[in-house]
Amino acid sequence: NSCPHKQGPLSEGIVSGEHVFCPLHDWKINMKDGKVQAPDVGCVKKYQVEIENESIYIHLDQ
């Protein structure tokens with residue numbers, strides 16, 4: 001939930017397509033691979049998620 005720049009709360013960011021934008025400084029982070037998009041640099045930890053029926057499973061042991 002933290003941006004690698006200034007630990008902005010990504011859960012409060014705007015989602016557009018495959019990206020989330022940090023609410024503090026608008027860093028663009030790809031939600032599939034966790035990489036910050038150029039010209040900024042960095043990465044956030046990502047987790048595999050599965051949706052089965054009405055349940056959501058987050059795999060924490062990666």
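The largest pocket of this predicted model has a volume of about 400 Å³, a pocket being, on a 1 Å grid over the protein atoms alone, an open set of points where a 1.4 Å probe fits, with protein on both sides within 12 Å along at least five of seven lines. The volume is the space filled by probe spheres set on the points, which are joined across faces, edges and corners. Of the 15 residues that line the largest pocket, Leu10, Val44, Lys45, Lys46 and Tyr47 are the closest to its centre, where a lining residue has an atom within 4 Å of a point. The lining comprises nine nonpolar, four polar and two charged residues, with Ala, Val, Leu, Ile, Met, Phe, Trp, Tyr, Cys and Pro counted as nonpolar, Asp, Glu, Lys and Arg as charged, and the others, Gly among them, as polar.

Residues are numbered from 1 along each chain as its sequence is written, and side-chain values use heavy atoms, with hydrogens and water left out. Local features need pLDDT of at least 70 and side-chain atom pairs count only at pLDDT 80 or more, whereas totals for chains, interfaces and linings use all residues.

Leu10 and Val44 also belong to the largest nonpolar core, which is made up of eight residues, the others being Cys3, Val20, Cys22, Trp27, Ile29 and Val36. Such a core is a set of buried Ala, Val, Leu, Ile, Met, Phe, Trp, Tyr and Cys residues joined through side-chain atoms within 4.5 Å, buried meaning under 20% relative accessible area, exposed over 50% and partly exposed in between (1.4 Å probe, protein chains only). In soluble globular proteins, nonpolar side chains tend to be buried together. Apart from neighbours within four places in sequence, leucine 10 is in contact (heavy atoms within 4.5 Å) with Asn1, Ser2, Cys3, Val20, Cys22, Ile29 and Val44.

Tryptophan 27 is placed in the loop between strand 2 (19–21) and strand 3 (28–30), strands being DSSP runs of E of at least two residues, numbered from the N terminus. With a relative accessible area of 12%, tryptophan 27 is buried, and, neighbours within four places in sequence aside, its contacts are Cys3, Pro4, His5, Val20, Phe21, Cys22, Val36, Asp40 and Val41. Aspartate 26, in the loop between strand 2 and strand 3, counts as exposed at 52% relative accessibility and, although not a glycine, has a positive phi of about 65°.

In the segment before strand 1 (14–16) lies asparagine 1, which counts as exposed at 60% relative accessibility. Its side chain reaches the backbone nitrogen of serine 11 at 2.6 Å, and the residues it touches, not counting those up to four places away in sequence, are Gly8, Pro9, Leu10 and Ser11. Glutamine 7, also found in the segment before strand 1, is exposed with a relative accessible area of 54%, and has a positive phi of about 60° although it is not a glycine.

Asparagine 30, by contrast, lies in strand 3 and counts as buried at 10% relative accessibility. A polar atom of its side chain lies 3.1 Å from the backbone nitrogen of aspartate 33, while Glu18, His19, Lys35 and Gln37 are touched by asparagine 30 when residues up to four places away in sequence are not counted. In the loop between strand 3 and strand 4 (48–52) is proline 39, joined to alanine 38 by a cis peptide bond with omega of about 15°.

Terms used
Helix = DSSP H or I, 4+ residues; strand = E, 2+ residues; numbered from the N terminus. Polar contact = N/O pair within 3.5 Å; in protein donor to acceptor, adjacent residues only side chain to side chain.
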